[in-house]
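I opened my notebook to look at how this chain holds itself together. Here is what I looked up, entry by entry.

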Amino acid sequence: MNISKVSRRRFLAGSSALAGVQLAGASLPLPFSAFGLGSQDETRADYTLHITTSPIEIAPKRIISAITYNGQFPGPLLRFKEGRQVSVDIYNNTATPEQLHWHGQKVSVDVDGAAEEGTPFILARGKRRMVFTPGPAGLRFYHAHNRAGANLAAGQYGGEVGPVHIEPAQEPGRYDREVFLVLKEFEPSFSQGGDMAQDFLPPSGKIKELETTGEASMKASLAKGLRHGYEVGYRYFTINGRMLGHGEPVRVKRGERVLFHILNGSATEIRSLALPGHSFKVVALDGNAVPTPAEVPVLWIGTAERISAVVEMNHPGSWILADLADNDRNHGMGIVVEYAGHHGKPAWIAPKPFHWNYSRFGKAGAPVAPPDEIFDMTFAKENAAEEGFNRWTINGTAFPMEQKVMPASFHLTHGKRYRLRMRNASDDIHPIHLHRHSFELTTVAGIQTNGVMKDVVMVGGYQEVEGFHRRQSRPDPISLSPAAAHGLWLHDPFRLCVKKLDEFPAEREEVPP
């Protein structure tokens, strides 16, 4: 099956919209990939998703079982129009209540997809219709939001991940076509120890105070005879549900400008990508346009992060677009990029070491308005404290294990500016996600910046990141959580810590609709 090449200009907002057939390397069943907008039946939803257990062929004679959307992985690519209301029918064909989270969108609590904030569950064998107005524009996604705990078949360890692209009111950028890539691992298992090296982050950003506290805590734990807490490893690695060498290649022509939309749909992993002989011009992070697009040789993508980058196809051949980690790449984390007329064995060439820093895409030296209030949040690890699992805390408090609406830890006033100072007192990289809002990065590992809008940010071990939570359009509760596995507190059994922030209208202040 050839890769479908669908540009924004071919997107149809009328009677039919193809969703899901634009994923490179994936062979998708057409009945599940095509969605009608229901113009003939006013009771029919614009889109329909079925949560169901399905066999997924990730390579010839290598078939896994996973809970999926519409019997495929990744779930169908949903294209919305910014500001145009949509309805989505979700059928839960499993025996377990489900949550579907619209990651990165500014929607109401009722449809956001987090039980902790009050979203109703989609009952087992039940159905729910969600109606909302998509936004902001850019690359978003949807995924399961059930806590997995020690069950490695639940939550985002399975196949409940799908991309969303919200079309802007104005046609942005200059490119010839788009390619969507969803990175995901399968068949997880537990191990102890083996944290990921973080030498791709700026080395100078460590804070001695945090390092001293974190190292002392770990040494005390090990002195008591405890082993390192459980970590998760994986057997198979895929891009768009196919292992390297077993999916359709991304076919390109010399001189093309290809806009890659890349989603890290992992439950726990941080991913890297390189394409030999090419560079990536990053134009958006987490779906938000960056103020300073910049070319880089390697992409580093935290759990639940998204990157949109333009690649100029100017080095003909057959190449491997893949993860830098040899083990992960050799077990499937890659996809072939093939120029027209070049059908030889695809080549991989490891890039030189490269430090990833969000400030590269910001406005250096730009003044930052002072905050009305600062919220300090220190993330810490209690090694193996929960029956062998690490207990994760924010300001000394662990996330309650019950999946229920939780009380607020901070209170906000609508219209004010708040600085979130996120301090990582562990040696792990922490992806932190803010539900239904974005924040503007102001300091990353000691480097000041401005203008980079994120909903997930990687906070390096013993490092600090500061970001502004900006004025919002609605006075709803918001939650900040470790995205460590997709990034939300429900999806990583190791980083169950969260702070909830309730936002209230200021007195006599008119709140925009």
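**Entry 1: nonpolar cores**

I started at L299, which touches I262, R271, S272, L273, F280, V282, I307 and W356, leaving out residues up to four places away in sequence. Contact here means heavy atoms within 4.5 Å. I noted that this is a predicted model, where local features need pLDDT of at least 70, side-chain atom pairs count only at pLDDT 80 or more, and totals for chains, interfaces and linings use all residues. Residues are numbered from 1 along each chain as its sequence is written, and side-chain values use heavy atoms, with hydrogens and water left out.

Next I looked up a second, separate core: it has 21 residues, including Y47, I51, I67 and V164. A nonpolar core is a set of buried Ala, Val, Leu, Ile, Met, Phe, Trp, Tyr and Cys residues joined through side-chain atoms within 4.5 Å. Buried means under 20% relative accessible area, exposed over 50%, and partly exposed in between (1.4 Å probe, protein chains only).

Which members of the largest nonpolar core touch the most other members? I found F260, L299 and W356, out of 68 residues in that core. Strand β12 (residues 230-239) gives the largest share of this core, four residues. Strands are DSSP runs of E, at least two residues long, and helices are runs of H or I, at least four, both numbered from the N terminus.

**Entry 2: salt bridges**

Side chains of opposite charge can pair when their charged atoms come close. I counted a salt bridge when a side-chain nitrogen of Lys or Arg is within 4 Å of a carboxyl oxygen of Asp or Glu. The count comes to 31 salt bridges.

I looked at E338 and R251, whose side chains meet in a salt bridge at 3.7 Å, N to O. E338 lies in strand β21 (residues 334-339) and R251 in strand β13 (residues 250-252), so this pair ties together parts 87 residues apart in sequence. Buried or partly exposed? E338 is buried at 12% relative accessibility, while R251 is partly exposed at 31%.

Then I returned to R271, a contact of L299. The side chains of R271 and D323 form a salt bridge at 2.7 Å, N to O. R271 sits in strand β15 (residues 271-273) and D323 in the loop between β20 (318-322) and α4 (326-330), so the pair links parts 52 residues apart in sequence. R271 is buried at 1% relative accessibility, and D323 is buried at 3%.
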